[in-house]
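Please consider the sequence and the three-dimensional model shown below.

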Amino acid sequence: MGMSVTISAATAPDAEQILKLQYLCYQSEAELYGDYAIEPLTQSLDALRAEIAEGHALVARLGDEVVASVRGRIDDAGTALIAKLIVHPRMRRHGLGGRLLAAIEAHFAGEPAARKYQLFTGHRSEGNLALYRSHGYVPVAREEIGPRLTLVRLEKEAAAGAFVTSA
């Protein structure tokens with residue numbers, strides 16, 4: 001019988017594993033865009049720790065190993081800014097990214113509740129775009145970062161009361 005993947009809030013000791021996983025996961029993005037200086041590959045451990053501290057982060061574990069993660073925070077306008085959804089290459093295509101996305105949305109549906117969710121991905125990242133669209137996100141803007149990369153901003157409205165449960 002195999003182990004199950006569990007999703008939980010990231011803790012400070014998880015930062016090192018998240019950073020290593022982030023470095024592994026963003027190699028394919030760097031190759032796709034021909035740019036190995038993208039921020040997820042140059043982020044320091046201290047910067048990642050600060051990102052976790054100022055927002056919320058989730059990890060998916062297979063045993064003791066962090067195999068996926070996502071981070072986010074709510075801005076002053078009530079938008080949940082979701083970032084760095086990563087899944088270990090060997091764990092992709094099994095629904096884990098979608099589970100993490102739903103889990104971070106559910107977290108931000110709490111108090112204070114997010115009014116909408118927003119995330120970014122590169123214009124050539126077809127797998128990411130398909131995942132986000134399948135979860136109700138729609139492209140709302142594009143920003144050219146350089147000659148090889150255009151970021152696509154996707155959003156979805158938070159469903160009022162969608163995550164409310166009775167006690």
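Ile7 has Ala60 as its bridge partner in β2. The strands β1 and β2 run antiparallel and are joined by 5 bridges; two strands count as paired if DSSP finds at least two bridges between them. Helices (H or I, at least four residues) and strands (E, at least two) are DSSP runs, numbered from the N terminus. The model is predicted: local features need pLDDT of at least 70 and side-chain atom pairs count only at pLDDT 80 or more, while totals for chains, interfaces and linings use all residues. Residues are numbered from 1 along each chain as its sequence is written, and side-chain values use heavy atoms, with hydrogens and water left out.

On its other pairing, β2 meets β3 in the antiparallel sense over 7 bridges, and Ala57 stands opposite Arg71 in β3. A hairpin is formed by β2 and β3 with 2 residues between them, and Gly63 in the turn has a positive phi of about 65°.

How many residues of β2 are buried? The count is 7 of the 7, so β2 is largely enclosed by the rest of the structure; buried means under 20% relative accessible area, exposed over 50% and partly exposed in between (1.4 Å probe, protein chains only). Both faces of the strand are covered, with His56, Leu58, Ala60 and Leu62 on one side and Ala57, Val59 and Arg61 on the other. Val59 counts as buried because its relative accessibility is 0%. Leaving aside neighbours within four places in sequence, Val59 is in contact (heavy atoms within 4.5 Å) with residues including Thr6, Ile7, Ile18, Val66 and Ala68. By contrast, Val59 and Leu32 are 27 residues apart in sequence and 25 Å apart in space, C-alpha to C-alpha.

These strands belong to an open sheet of 7 strands with mixed pairing, in the order β1-β2-β3-β4-β5-β7-β6. The edge strands, each pairing on one side only, are β1 (5-9) and β6 (138-144). Neighbouring strands of the sheet are turned by 25° against each other on average, direction ignored. Axes are lines fitted to C-alpha atoms, for helices over the stretch in contact, and angles run from 0 to 180 degrees between N-to-C directions.

Further along, β4 (residues 79-87) and β5 (residues 116-122) pair in the parallel sense over 3 bridges, and Ala80 has Tyr117 as its bridge partner in β5. Helix α1 (residues 15-33) lies across β2, β3, β4 and β5, running at about 80° to β3. Helix α3 (residues 45-54) also packs on the sheet, where it touches β2, β3 and β4, and its direction makes about 60° with that of β3.

Val138 stands opposite Glu155 in β7, and the two strands form a hairpin with 5 residues between them.

**The largest pocket**

The largest pocket has a volume of about 1400 Å³. A pocket is an open set of points on a 1 Å grid over the protein atoms alone, where a 1.4 Å probe fits, with protein on both sides within 12 Å along at least five of seven lines; lining residues have an atom within 4 Å of a point. Of its 46 lining residues, Tyr26, Leu85, Thr121, Asn128 and Tyr132 lie nearest its centre. The largest share of the lining, 7 residues, comes from β4.

Key. Points joined across faces, edges and corners; volume = space filled by probe spheres on them.
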